[in-house]
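Student: I would like to learn how to read a few backbone and helix features. Could you take me through them one at a time?

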Amino acid sequence: MSVLLVGISHRSAPVAMLEKVAITDADRPKLIDRMLASSHISEAMIVSTCNRVEIYAVVDAFHGGLADVGELLTAHSGLPMPELTRHAYVRYSEAAAEHLFAVASGLDSMVVGEQQVLSQIRSAYTTADAQQAIGRTLHELSQQALRVGKRVHSETGIDRAGASVVSVALDRASTVLGPLAGRTAAVVGAGAMGGLSVAHLSRAGIDEILVVNRTIERAERLAATAESHGVTARAYELSRLAEALVAADVVITCTGAVGSVVTLADAHNALSHAERRTGRPLVFCDLGLPRDVDHAVAGLPGVTVIDIETLQRDPAAGAAADDTAAARTIVADELAKYLAGQRMAEVTPTVAALRQRAAEVVEAELLRLDSRLPGLADPDRDEVARTVRRVVDKLLHAPTVRVKQLATTPGGDSYAEALRELFELKPGAAQAVAAPMEISRPEHNGAGWMSLDGDVALADDFTPGSHDDEQERST
């Protein structure tokens, strides 16, 4: 069983396609259930952010698993398979692990060094685990990815500027509005990205925050958080959005809703209140996927819309070259350790099966000794038994220790296969000995880019430490 990753991100597809493929929190459970119904998939997890959708699945066969995931994405997005294939990327086994480690480290984020992705991976894991879609393979991979991400953020300066999609968007907004201190902001959406927006606005010295959400209770909780930072805040139900727009200078939208939340009529009505808005520009920071703000809003006079496409072109989204290189070094180091651990765990059942086979042979021979020498005194029999076991242990010690060492090297699973062949361990015996310890076994050494229809498009393009151009939903 190996990990298959199928993804679409800001690096591989335009925003319009990302909007069609976007998977909401409400979508995830049913899509995971559909994957688990596949005969090829035993575990599944979906990482969905404002600029990526990635499906991680533990599969028993590459092509079968890929076909099932491809059909799922096609049905969900409504996109034909050829169009989806052009913009999707596929990683398998070791390459899938490397990619997730890079994502968790913020190396693949639109704003390099973004920390929010860690909470998004954790959320993806929690959702899948609640549906019993997480087994040992994805558990170990996800937890290691979170550890790698934390290490990168603590040991490098990749996020020294506190960069995030929100901070870069607000920097762009300030070029239109001037300093945000003393102004009023509306935050539409009270999820994780809404909370991050409130934190950044508070640090920017915003005078008042209006939190707008479908559920007033969540809006009130986020407003209370803003007030705890010393900022005046009020909570609004979504039905009062127009009222909030009239008062706001900058509006951050991050709802995750399907379809426009801010319509052209909403924005036009806000601008029409001459006594409130004379000479005051209005800036929308649309961080939703699909987009929350109607495309036509950007054409209104006095309105600026900053969306995901705008942020992709912002130079502030990059990180210092040295910090990025240091982060990649950590990812490569942690990947090597993770793969060594996986290979070690893979050979352990074979070693256990070999030792069990030896123990069974010893016991059989001792029983035969009892039948041939029924008068043998107990002390003498015990000494014979100890001697035989010592001999067997010494004979097995060197090969079992060495096969574990060799297992940590590329292709190390071949040594375990040699043990199974030489000692005639029955197929499945090793797995049966350590069934609770069963983990994913990498079946593909290195890269694994293939199109969704199963044809090889590019191979060996993803070596440890590399990071190509085919590589966050933050609500």
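Student: Where does Q132 lie?

Tutor: Q132 lies in the loop between α6 (116-130) and α7 (136-155), where helices (H or I, at least four residues) and strands (E, at least two) are DSSP runs, numbered from the N terminus. This is a predicted model, in which local features need pLDDT of at least 70, side-chain atom pairs count only at pLDDT 80 or more, and totals for chains, interfaces and linings use all residues. Residues are numbered from 1 along each chain as its sequence is written, and side-chain values use heavy atoms, with hydrogens and water left out.

Student: What is the phi of Q132?

Tutor: Most residues other than glycine have a negative phi. Q132, although not a glycine, has a positive phi of about 60°.

Student: Where is the kink in α16?

Tutor: The bend at a residue is the angle between axes fitted to the seven residues ending there and the seven starting there. In α16 a kink of about 35° lies at H397, shortly before the proline P399. The buried residues of α16 include L396 and T400.

Methods:
Buried < 20%, exposed > 50% of the residue type's maximum accessible area, 1.4 Å probe, protein only.
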